[in-house]
Amino acid sequence: MDWINLIALVATVVCLVGAIWFSNKAQQQLKANEQKMQSLEVVTKNLLQSHRVVEKQLQEIHQANASLVGELERQSEQVEQAFLRTSQIQSQDPDSKLYTRAVKLVELGADLEEVMRECELPKAEAELLLSLRNKMKGQVS
C-alpha cells in the first residue's frame, strides 16, 4: 500500500503543480487581454474624436457650399436682368441693329478692330462688348 499512497501523493502533487501553472497562465492571459482592451478603448476614443472633427468640417463645407450656391444664383439673376435690360434698350434704340450685329460678331470671335470697322462703333463700346463676352465665357466655363 505504500506504493499506492506514494503514487497517489505524486499524482496529487503533479495535479496541484499543473493547476497552479495553468492558473498563472490564465492570470497572465487575463492581464494581457485587459491591456489589449484598454488599448482598444483608447483607439476607439481617438477614432470618435476624429469622427467628430471630420463631421464638423463636413458641416462647415456644406454651409459654405450652400452659401456659394446662393451667391451664384444671385449673380446669375443679375446677369439675366442685365441682358433683359440690354435687350429692351436695343429694341428702343435705332442704332440697336449695329449693336446686335456687333454682339454677333463678337460671339463669332471677331477682334476689336473688326467690330469697330464693321459696326462703326467707338473703341470704348467695342471694348465693352468684348469685355462682356469674355466675362460671360468665364462664368459659363
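This is a predicted model: local features need pLDDT of at least 70, side-chain atom pairs count only at pLDDT 80 or more; totals for chains, interfaces and linings use all residues.
**View 1. Salt bridge between R74 and E71.** The closest N and O atoms of R74 and E71 are 2.5 Å apart. Both residues belong to helix α1 (residues 2-92), where they are 3 residues apart, about one turn of the helix. R74 has a relative accessible area of 38% and is partly exposed. E71 is likewise partly exposed, at 30% relative accessibility.

**View 2. Salt bridge between E118 and R101.** The side chains of E118 and R101 meet with an N to O distance of 3.2 Å. This pair links distant parts of the chain, with E118 in helix α3 (residues 112-119) and R101 in helix α2 (residues 96-107), 17 residues apart. E118 is partly exposed, its relative accessible area being 31%. R101 also counts as partly exposed, at 40% relative accessibility.

**View 3. Salt bridge between R117 and E118.** An N to O distance of 3.9 Å separates the side chains of R117 and E118. This pair counts as a salt bridge because the cut-off is within 4 Å. R117 is exposed, with a relative accessible area of 54%, whereas E118 is partly exposed at 31%.

**View 4. Network of salt bridges formed by R101, R117 and E118.** In the model as a whole, the count comes to 3 salt bridges.

Notes
Residues are numbered from 1 along each chain as its sequence is written. Side-chain values use heavy atoms; hydrogens and water are left out. Helices (H or I, at least four residues) and strands (E, at least two) are DSSP runs, numbered from the N terminus. Buried means under 20% relative accessible area, exposed over 50%, partly exposed in between (1.4 Å probe, protein chains only).
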